[in-house]
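Thanks, everyone; let me put the structure on the screen, and then I will talk through how one part of the fold is packed.

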Amino acid sequence: LQQQNLLDPKTLKSAMAALDQDIVPDAPLVAASVQYRKSLALSLFYKYYLACIVDHVSPRVVTAANPYVRPISSGTQSYSTVPSNYPITQPIPKLASKLQC
């Protein structure tokens, strides 16, 4: 992107095409799909690109450059067990949980 006009749509198009070819995510077992991760990387670059030229883009797309702020969410799950039916109703950790830490 050096020595190129960031306001020219061809610059963005060529940068996105180059990144599309260069980005090759690995495929670990517990991660998101390769296609999703590649799409995410391209989307993050697009956000960065817009942030660099935020004063020159239309209001329609300027919101993509703004950081998304959302409140902290949480969730709980509860269920009852019957100890006399163990191991059938006994809670056990998910096998992939140790890989997610």
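What covers the buried residues of helix α2 includes α1 (9–22) and α3 (59–62), where helices (H or I, at least four residues) and strands (E, at least two) are DSSP runs, numbered from the N terminus. Please keep in mind that this is a predicted model, in which local features need pLDDT of at least 70 and side-chain atom pairs count only at pLDDT 80 or more, while totals for chains, interfaces and linings use all residues. Residues are numbered from 1 along each chain as its sequence is written, and side-chain values use heavy atoms, with hydrogens and water left out.

Helix α2 itself runs over residues 34–52, and its 19 residues reach 27 Å from the first C-alpha to the last, close to the 27 Å expected at 1.5 Å a residue, the expected span being 1.5 Å times one less than the number of residues. Its buried residues are L42, F45, Y49 and L50, where buried means under 20% relative accessible area, exposed over 50%, and partly exposed in between, with a 1.4 Å probe and protein chains only. Seen down the axis of α2, these buried residues fall within an arc of 140 degrees, so they line one face of the helix; the arc is that of the directions from the helix axis to the C-beta atoms.

Which residues make up the largest nonpolar core? There are five, namely L12, A15, F45, Y49 and I53, and the elements that give two or more residues to this core are α1 and α2. A nonpolar core here is a set of buried Ala, Val, Leu, Ile, Met, Phe, Trp, Tyr and Cys residues joined through side-chain atoms within 4.5 Å.

On the α1 side, T11 lies in that helix and is buried, with a relative accessible area of 5%. Not counting residues up to four places away in sequence, T11 touches L1, Q4, N5, L6 and Y49, contact meaning heavy atoms within 4.5 Å. With neighbours within four places again left aside, A15 is in contact with L1 and F45.

Turning to the other end, A64 is found in the segment after α3 and is partly exposed, with a relative accessible area of 26%. Beyond four places in sequence, A64 touches Y46, K47 and L50, and its C-alpha atom is separated by 9.5 Å from that of S43, 21 residues apart along the chain.
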